[in-house]
Amino acid sequence: MIHRLLQDEIHRQLFKGKAIILLGCRQTGKTCLLHALFPNEENVVWLNGDDPGVQSLVSEINTDQWRIVMGSKKILVIDEAQQINNIGLRMKLVTDYLKDVQLVATGSSAFELANRLNEPLTGRKWEYKIYPLSFREMVDEHGFISERNLLSHRLVYGYYPEVVTSPGDEQRVLRTLTDSYLYKDVLTFGGIKKHDKLTILLRALAYQTGSQVSYSECATA
């Protein structure tokens, strides 16, 4: 597993009375980073916000129910937390009343999750933005010379972890990631129902890269 630079910083902030919030696009390595931080999963409660059962449970949970869910475990991880209604208030219960529990939440829809957490968790959280792999992280992984020789390749295909770890299959991986962002995150966040129109708009914008964008051309694309 490629070591992320944020891992050490996040580790230093654990069990200091504040929630840890990881924001970033899908497939940038948020869940892998959490598994690296918490290798002993016997002490962790993992909840997936994409699971309808988890959504139903957490959206209405109270403090006593949180204590039952946690039992003797001391780390609570909520993945894809933006999918859960009232998530900010439910997380506030943990930070305020379960003082010995470290809460960690991730969100792929950064704007949506940030908006839901800002007021309930004011002064109760540390936020970190998780980006694709960096040049420095890859240098630490296999050396400067090797990474420098791959720079032109990286400029074309980028540094998404799955792209980096799938040599020869970069185009297929990128196509899958693109479809995921357009048709799951962007469309849901923007309330857009006609995904074909969004694809046409993005294609029109791509043709205008490096020049002044014409709103009229985009409107008639």
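This is a predicted model: local features need pLDDT of at least 70, side-chain atom pairs count only at pLDDT 80 or more; totals for chains, interfaces and linings use all residues.
Contact here means that heavy atoms lie within 4.5 Å.

By the contact criterion, and leaving aside residues up to four places away in sequence, Gln13 touches Ile20, Gln102, Trp126 and Tyr128. Gln13 itself is situated in the loop that runs between helix 1 (6-12) and strand 1 (19-23). Its relative accessibility is 14%, and because burial requires a value under 20%, Gln13 counts as buried. The side chain of Gln13 also takes part in polar contacts: one, of 3.4 Å, joins it to the side chain of Glu9, and another, also given as 3.4 Å, is made with the side chain of Trp126.

With a relative accessibility of 18%, Tyr160 is classed as buried. Tyr160 and Leu174 are separated by 14 residues in sequence, and their C-alpha atoms lie 8.6 Å apart in space.

His142, in turn, belongs to helix 7, which comprises residues 135-142. Its relative accessible area is 34%, so His142 is partly exposed. Beyond residues up to four places away in sequence, His142 touches Glu147, Leu150 and Arg154. With Glu147 there is a polar contact between side chains, at 3.1 Å. Finally, His142 and Ile2 stand 140 residues apart in sequence, with a C-alpha to C-alpha distance of 9.8 Å.

Conventions:
Residues are numbered from 1 along each chain as its sequence is written. Side-chain values use heavy atoms; hydrogens and water are left out. Helices (H or I, at least four residues) and strands (E, at least two) are DSSP runs, numbered from the N terminus. Buried means under 20% relative accessible area, exposed over 50%, partly exposed in between (1.4 Å probe, protein chains only). A polar contact is a pair of N or O atoms within 3.5 Å; within protein, one must be able to donate a hydrogen and the other to accept it, and residues adjacent in sequence count only if both atoms are side-chain atoms.
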